[in-house]
Amino acid sequence: MSAPARFDRGHTDDLMSFLAAGPSPYHAVANAAERLEKAGFRQVAETDAWDASSGGKYVLRGGAIVAWYVPEGAEAHTPFHIVGAHTDSPNLRIKPRPDSGGHGWRQVAVEIYGGPLMNSWLDRDLGLAGRLSLRDGSTVLVNVDRPLLRVPQLAIHLDRSVSSEGLKLDKQRHLQPVWGLGDDVRDGDLIAFLEEEAGLAAGSVTGWDLMTHPVEAPAYLGRDRELVAGPRMDNLLSVHAGTAALAAVATSGAPLTRIPVLAAFDHEENGSQSDTGADGPLLGSVLERSVFARGGSYEDRARAFAGTVCLSSDTGHAVHPNYAERHDPTHHPRVNGGPILKVNVNNRYATDGPGRAVFAAACEKADVPFQAFVSNNSMPCGTTIGPITAARHGIRTVDIGVAILSMHSVRELCGADDPFLLANALMAFLEG
């Protein structure tokens, strides 16, 4: 008989808190680490020697986290079960010389990160968050989570063509937010403001990685509150589910035949090629060091990787009621229908037949329904960290996720049941 679901609607309540607390990848991984600490995990430094001890451990690097749980008696060649996700989302990021403006307006110069639906950033109350780098080499998180910035749209009276030709936005000219009034724009004003917000001494900040975020809180939506609207579901929804599943497995006391892992990377939205991205060395380094710390050889490493499976969990496309023709006619994933299995024969997704069987077994064990997604042949298919992970590490990878609407919008939409259905499936998979 199938096991009952272990996460319920309370998981979705918690997801909304997680989304609100993660305005940047750095905040998201700090939040995930705090939750894992409560489950008994401890941070290990990459510069330290690692030992063979059992239990939960994690590595933080910038906006990425890799966490794993070594059960008692794990051998050096014990394979891994990995949940992969990413922490970044498309947004507007602050330029090196942020202070700008004109015509009596003070503005902040921004650069487009990833592929946002640019129109969704117009006329939104925006905050500012990220990390500040100090003269001593340390970093401090900052989050101005109140209305601070706004990208004002041009009134229709000054652009009558918008009704007939649609909205046309120039990325350089039309997306620079305002944050005040005045003609005396001075270099350093924004950073000085953030130093004060973070309680830092004036002039102590020498570097920054900052981004805008909508300050409107996530919320249930619909007649029966069966939907959730909120920011950064792509892909903090999966990061949250993976964190919850790993913590639950680590504290369940159940015997484990695999080493469960969560790998949440940064920079997926712009290609994953960084030291914290899926196309970087982070995951492989952590897995190899775990093998070698337990006395393993290169042969043990090869055996462990050969038996390893990764579920690349990212959001996908639910059938859109106003654009159903954009979807494959026989594949219409519905919200609250359970997680989706993503397939593309041109390897934009990494799923193959044996991988599908792994995911189907996990869903059956967790008593969770799942759906299939494939792109319309007439449209290009997106991609994920799945093919990168499979190719870089030579491990079987399966692309899955939750079906949503408004992907890459400042505010996305999912079913209220799907987050905990995904978490249940991930927990069953991590249990091995």
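This is a predicted model: local features need pLDDT of at least 70, side-chain atom pairs count only at pLDDT 80 or more; totals for chains, interfaces and linings use all residues.

Me: Why are α5 and α10 called oblique to each other?

Reply: Helix α5 (residues 233-252) and helix α10 (residues 418-431) pack at an angle of about 45°, with their axes 8 Å apart. Angles under 35 degrees count as roughly parallel and 65 to 115 as roughly perpendicular, and α5 and α10 are therefore oblique. Their crossing is right-handed.

Me: How do you know that α5 meets α10, and what classes of residue are involved?

Reply: Contact means heavy atoms within 4.5 Å, and on that basis residues of α5 including Leu 237, Ala 241, Ala 245 and Val 249 meet residues of α10, among them Leu 422, Leu 426 and Leu 430. By class, the residues of this contact divide into 12 nonpolar, 2 polar and 1 charged.

Me: What makes a residue part of the lining of the largest pocket, and which residues are closest to its centre?

Reply: A lining residue has an atom within 4 Å of a point of the pocket; 36 residues line the largest pocket, and the closest to its centre are Gly 316, His 317, Phe 373, Gly 382 and Met 407. The space in this pocket is about 950 Å³, and β15 (316-317), α9 (385-393) and β19 (403-405) each supply at least two residues of the lining.

Me: How is the lining of the second largest pocket divided by class?

Reply: The second largest pocket, with about 390 Å³ of space, is lined by 17 residues, which divide into 10 nonpolar, 4 polar and 3 charged.

Terms used. Residues are numbered from 1 along each chain as its sequence is written. Side-chain values use heavy atoms; hydrogens and water are left out. On a 1 Å grid over the protein atoms alone, a cavity is a set of points where a 1.4 Å probe fits but cannot get out, and a pocket is an open set with protein on both sides within 12 Å along at least five of seven lines; lining residues have an atom within 4 Å of a point. Grid points are joined across faces, edges and corners, and a volume is the space filled by probe spheres set on the points. Helices (H or I, at least four residues) and strands (E, at least two) are DSSP runs, numbered from the N terminus. Ala, Val, Leu, Ile, Met, Phe, Trp, Tyr, Cys and Pro count as nonpolar, Asp, Glu, Lys and Arg as charged, and the others, Gly among them, as polar. Axes are lines fitted to C-alpha atoms, for helices over the stretch in contact, and angles run from 0 to 180 degrees between N-to-C directions. Angles under 35 degrees count as roughly parallel, over 145 as roughly antiparallel, 65 to 115 as roughly perpendicular and the rest as oblique. A crossing is left-handed if the near helix is turned anticlockwise from the far one by less than a right angle, and right-handed if clockwise.
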